[in-house]
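This report concerns side-chain contacts, namely aromatic pairs, charges over rings and salt bridges. The sequence and structure are shown first.

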Amino acid sequence: MRKKRRISIFNVGLLLGCFLIPNMNTYAKLSSDSIYDLNSKLPLSQSKEYFSNRDFILENSKTNSKPTVEEEVDFMVSQSGYLVGDSIEATITLKGNYEEEVPFNLSLMQMPKEFHLIGPSKAILSSENPSYTFQIKIDSILDSAPKSYQLVGTLTERYRTQSVYTPNFEVKKGQVKVILEEGLDADLLQQVKLYLVKADSALHGNERAEILNQTIEIPLSNRLEFYEISQIESQQILFENIPSGQYILVVDESSLPEGWMIKNENRMVELSYNHPVKHISIEKVYSPNLEVELTTGLDTTVHNNELVNIGYQINPQPVQSGEGLIPTFTETLFLVDPTNSLSKMDLNSVVVGMEKMLESIQSPMKVGVMSPKLQQIKRLTDIAPPIYSLANEAEKSSLMNELRQLSIKKSKNEWDIEQSLDAATRLISLSTETDSKAIVMVSNHSFELDSEMIERLKHQNCKLIILDLSQKKNESLVSLSDNEWVTVFSISSEPEFKETIEQVNQMLTEPVSSFTVSPTLVFDLGNKFEAIEGLQNVGDTRYETLPLEIEYQLDSTGCEYRAQPVEVFFKVRVTNAQVDEQITFKNQSIIHYEQRDGSEAEKTILSPNFTVIKPEVKLDYGLYGGVHGDKIEIISHEMNAPKRFIEGSMVYIAALFEYQPYYQDYSFSIDSRLPVSEESIRTYRIQRDDTGQINLEPIESVKQYIASFSTYTHVRLNLYNKVEANDQLLILYHVEMPKGSHKYRSTVTIDETEKFIEIEGLDVDNDVAPKGNLPSLF
């Protein structure tokens, strides 16, 4: 709020006098209860007069001062910096009370060419609506970045126009750099297919996109934002001008060279002004690649309600050894006594021996060095574990430098072994590796290990290897040598130390003879399929296969690991499908398993496609002729030649067909003049012995619904849950021929297939005995 200024009666009179001066123009009506300094527009006193804005200036120095722009308005941006592609929110806000509307124009002429205004450039402000926010998009092309900017606007009050500036803000380029680890041919980088997608976009469907001039199947929706590769340099793929937000780096796994991968936890990308660049590495992993083949057909036909068996074969690809086999210990931490009291061996000799050992290791092992002298114990909770990959020359060099620091700086302080070992186990516990880990401890101090430490080593799958240089036999440590989690070497001389180093080297690099992988296949069945067998629900319509185990064995050459293919089958029922409809699983199907480094591997696999067709029913219907060895005789209807029976004859009629659960209807329409009851209808399953001979197995409790109408009796059977798909069934019923010479018609309907039979009654003398087509079975 502006402060009211006091003026003298003389000044008020002067104002009134000036109002009477002729040739005044451009009048503005002020508020009825305020007088304004026409230069500063600050309230002066109470009045009901009119003033000109041109020919009058107050002389009083106190009332003639103008407020600064900062006192009157705020023109602010929402952040101190942005990435290319972001949207700026710039808000203009009046700070005082204004009785009239105040226009504000964002100056397009002074706006950088890289900016694009969304919406109007003008805002009308007032006391009732004191704020307005402009939306400005930072276009994808910048001359240089980072770069500082300001936005400029003009605020027009009744008697003046003034420029308003935002605080400075910076614009940077968001980048995702996918970098090769050493050892991968840079030419292969040209073949890698990957793209960046917004993490909050809907990933579904199978649409196509051009990536690196190659067409591949990728999950896109109509509103999915994705970013193509900007350029490929010698050792990296670069995505540029990426706006702030969360992204997923999606990789076509088949385009990566065998044995190389991007870890899943590194594929989640978050960029912002404070973190504008993300580095991701393509690295060598000694983990299996599981290829999945759909074995029951990609495109098949089905009927609605049909049970479908679906099969996959998982083909484990050989795991190449590369420069070295998969070691038993994938991570090793060296815990080194920093004191210089190592008996006849000084610390430098120990370090040199360790350096030679590490130089000779040719494996993907990761190694770290820990020592109180290097202040690693204090830093444990503040920095990432000092673990280096021996497969990476730069990291290996850093490791050697850290080792040399031990021999350069001597420490006179006593070493708290228990504290150091406790810190080492905590550091190892941060590892993402799932395989065995090791702590190699070099010391000349005696100490004891309690049962709690042994349990902790066991829980972390970690082996403790102790190089005891004290030259004093430590009985408590020697007794631990029989424990599978602790190995102790008592060393009394430098030659013995060198020999022990070789033994430890062999222990650390000895390859594993086997390892297991536990994959699951994951499907989203949607609303067109019902899981019947071999799947377990994991939420909504998502299902996964039952647990599997694939065991890799080191082959006879000792150069690679191999595993046998595994077949997976499950059963689903087609539901809610229409004839001629094309159906498949909802979303993409995947195989999911854990890599040896603890990261998650996930790849898309083929889903079966189905075309729904009208079912074909194989149905025989007619007079029952009985079982004859391996055949059932059904005498079907002949046109214009109905079978004739005299009054009182028992006539047996049968329907023979193969049951399918997708058939919707099993019913008979029988002439209402032919008496039929629920007891007269029987259902049999056709069984065959080893010679093919037929036996009829009665199926009890088949539900029957009988409705009588004026011209026919309708019988409907419910076979669901009573028989299995593809069972051969015989439905048999009998009627007693009534008196009179009449024709009678009986019809069976299975799904949309219908067949009928006609029989005729005959009038005969009472002396003729009635007979039927078979002796009574009941």
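## Aromatic and charged side-chain contacts

Phenylalanine 115 counts as buried because its relative accessibility is 6%, under the 20% limit for that class. The model is a predicted one. Tyrosine 149 is likewise buried, at 6% relative accessibility. These two residues form a tilted aromatic pair, with 4.9 Å from centre to centre and 45 degrees between the planes. The pair links distant parts of the chain, since phenylalanine 115 belongs to strand 9 (residues 115–118) and tyrosine 149 to strand 12 (residues 147–149), 34 residues apart.

In total, the structure holds 20 aromatic pairs. In one of them, the ring centres of tyrosine 82 and phenylalanine 169 are 5.8 Å apart and the planes stand at 90 degrees, so the arrangement is edge-to-face. Here too distant parts of the chain are linked: tyrosine 82 is in strand 6 (residues 81–83) and phenylalanine 169 in strand 15 (residues 169–172), 87 residues apart. Tyrosine 82 is buried at 1% relative accessibility, and phenylalanine 169 is buried at 1%. Elsewhere, ring pairs join Tyr312, Phe523, Phe529, Phe570, Phe585 and Phe610 into a cluster.

Charged groups also lie over rings. Lysine 172 is placed over the face of tyrosine 273, 4.4 Å from the ring centre. The charged end of arginine 745 sits over the ring of phenylalanine 756, at 3.5 Å from its centre. Arginine 745 also takes part in a salt bridge with glutamate 758.

The count of salt bridges comes to 10. Three of these pairs are listed below.

| Salt bridge | Closest N to O distance |
|---|---|
| Aspartate 671 – arginine 673 | 3.0 Å |
| Glutamate 758 – arginine 745 | 3.4 Å |

Glutamate 758 lies in strand 60 (residues 753–762) and arginine 745 in strand 59 (residues 743–750), 13 residues apart. Glutamate 758 is partly exposed, with 21% relative accessible area, and arginine 745 is partly exposed at 39%.

Lysine 603 is buried, at 13% relative accessible area, whereas glutamate 291 is partly exposed at 35%.

Aspartate 671 is buried at 9% relative accessibility, while arginine 673 is partly exposed with a relative accessible area of 44%. Finally, salt bridges link Arg685, Glu697 and Asp727 in a network.

Notes: Residues numbered from 1 in each chain as written. Predicted model: local features only at pLDDT ≥ 70, side-chain atom pairs only at ≥ 80, totals over all residues. Heavy atoms only, no water. Phe/Tyr/Trp six-rings, centres within 6.5 Å; stacked < 30°, edge-to-face > 60°. Helix = DSSP H or I, 4+ residues; strand = E, 2+ residues; numbered from the N terminus. Buried < 20%, exposed > 50% of the residue type's maximum accessible area, 1.4 Å probe, protein only. Lys NZ or Arg CZ within 6 Å of the ring centre and 35° of its normal. Salt bridge = Lys/Arg side-chain N within 4 Å of Asp/Glu carboxyl O.
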